[in-house]
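This report describes a single structure for a reader who has not seen it before. The sequence and the model come first, followed by notes on selected parts.

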Amino acid sequence: MGKKGVLLVNLGTPNSASTADVRTYLNEFLMDPRVIDVNPVLRTLLVRGLIVPFRAPKSAKLYQKIWSDTTGSPLMHYSILQQDALQQRLGDEYIVELAMRYQNPTIQSALNRLKDALVDDIQVIALFPQYASASTGSVYDKVMELLMDWPTKPTISFVNSFHDNELMIATFAENGAKYDPAKFDHVLFSFHGLPQRQLIKADHTQKHCLKVSNCCETLTDANKFCYSAQSHHTAKLIAEKLNIPKEKYTICFQSRLGNDPWVQPYTSEVVANLAKEGKKSLLVFCPAFVADCLETVYEVTTEYGDEFKALGGERVQLVESLNDSPTWISALEKMVRDNHISA
């Protein structure tokens, strides 16, 4: 019998920190109809006429601040380490490929390598703990689009989300414990933001999202597909693991783009309010990311750190992402093996 295929897919990163490469990356990313889910003509005008021309040069400068001469993008660096470590754990029975939803290595090239290896099946793990249409959903779309033209198709399975994965939670808790959360005035669980309209679309009942008080605080059948509800659940599990009392942490959302309402509260506003309340030290988890990237290394540490200090705060400490933690690799290994058993 042939080998089993595993396809790890993360969001993506520019090929370099140059403005030209960042522009190419942003165009591909933001033109995805699941990312900016508006009329195609309007999306084209917004992305190519307004957002990318102004944002690319600014984003390139930020990427240059986190880009390593030896390892390049931190997201790519840690994604490759994850792929290599998982391959070692799984052994010769499996072939593990890595792809990025946007830019390189492409999903098409990774799938072609698995096809050439004559794998019996392919398990796709989109490396986003919480399901969102704009991330996991987009990966599903791309994989299925590319497989349409294959004359013969292997068995395909997807890991929908792993927001409550015990080993993932344990990894974030291990990383956070290094800093002793009790020594900080407040703890933030800062997730990547989404437009509110995308949360509403994910409400199959159309009676729960933003219509029920505290609609995301408890995971139920009505909101089990909701990115925000899954994010709240992830944060609560990490907090419980570290014995962080509810009154000492806040769940918030970063990286807002545009003027439409996004998931709230916004991290920038939470940081400002905590500084005004006299808080001096913040510990920040970013549990929407499995690898450190621009949104963690720069946005949290530098941007929010500078904002906090400008308002009287003293310290913003980022808890590193899952990266190549052995416990996280164990989580991936268990996901792969369990999914193949159930399949």
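## Residues with positive phi

N323 is buried, with a relative accessible area of 6%. The structure is a predicted model. N323 is not a glycine, yet its phi is positive, at about 45°. This residue sits in the loop that runs between β8 (315-318) and α11 (326-342).

Q103 is another residue other than glycine with a positive phi, in this case near 75°. Its place is in the loop between β2 and α4. Q103 is buried, and its relative accessible area is 11%. A positive phi, near 60°, is also found at L118, which follows α4.

## Cis peptide bonds

The peptide bond that joins N104 and P105 is cis, with omega about -5°. P105 belongs to the loop between β2 and α4, where Q103 is also placed.

Q264 and P265 are likewise joined by a cis peptide bond, and here omega is about 5°. The loop that holds P265 lies between β6 (249-254) and α9 (267-276).

## The four-stranded sheet

Four strands form an open sheet in the order β2-β1-β3-β4, and their pairing is parallel. At the edges are β2 (94-102) and β4 (155-159), each of which pairs on one side only. From one strand to the next, the twist averages 20°. In general, the strands of a sheet pair through backbone hydrogen bonds, either parallel or antiparallel.

Strand β1 (residues 4-12) pairs with β2 over 8 bridges in the parallel sense. One of the residues involved is K4, whose bridge partner in β2 is Y94. Helix α3 (residues 74-90) lies across β1 and β2 and runs at about 160° to β2.

## The buried side of α4

Which residues of helix α4 (residues 107-116) are buried? They are I107, A110, L111 and L114. These residues lie on the same side of α4 because they cover an arc of only 95° around the axis. An α-helix has 3.6 residues a turn, so residues three or four places apart point the same way.

The elements that cover the buried residues of α4 include the strands β1, β2 and β3 (121-126), and also α5 (133-147).

## Nonpolar cores

The largest nonpolar core contains 89 residues. Within it, the residues with the most contacts are V6, L30, I125, F189, F285 and W328. Helix α2 (residues 40-66) supplies the largest share of this core, 8 residues. Apart from its neighbours within four places in sequence, V6 is in contact with L86, L90, Y94, I95, V96, E97, L114, Q123, I125 and V336.

## Packing of α2 and α10

How do α2 and α10 lie against each other, and at what angle? Helix α10 (residues 294-310) packs with α2 at an angle of about 95°, and the two axes are 10 Å apart. The two helices are therefore roughly perpendicular.

On the α2 side, the contact is made by L62, Y63, K65 and I66. On the α10 side, L294, V297, Y298 and E303 take part.

Terms used
Residues are numbered from 1 along each chain as its sequence is written. This is a predicted model: local features need pLDDT of at least 70, side-chain atom pairs count only at pLDDT 80 or more; totals for chains, interfaces and linings use all residues. Side-chain values use heavy atoms; hydrogens and water are left out. Two strands pair if DSSP finds at least two bridges between them. Axes are lines fitted to C-alpha atoms, for helices over the stretch in contact, and angles run from 0 to 180 degrees between N-to-C directions. Contact means heavy atoms within 4.5 Å. Buried means under 20% relative accessible area, exposed over 50%, partly exposed in between (1.4 Å probe, protein chains only). The arc is that of the directions from the helix axis to the C-beta atoms. A nonpolar core is a set of buried Ala, Val, Leu, Ile, Met, Phe, Trp, Tyr and Cys residues joined through side-chain atoms within 4.5 Å. Angles under 35 degrees count as roughly parallel, over 145 as roughly antiparallel, 65 to 115 as roughly perpendicular and the rest as oblique.
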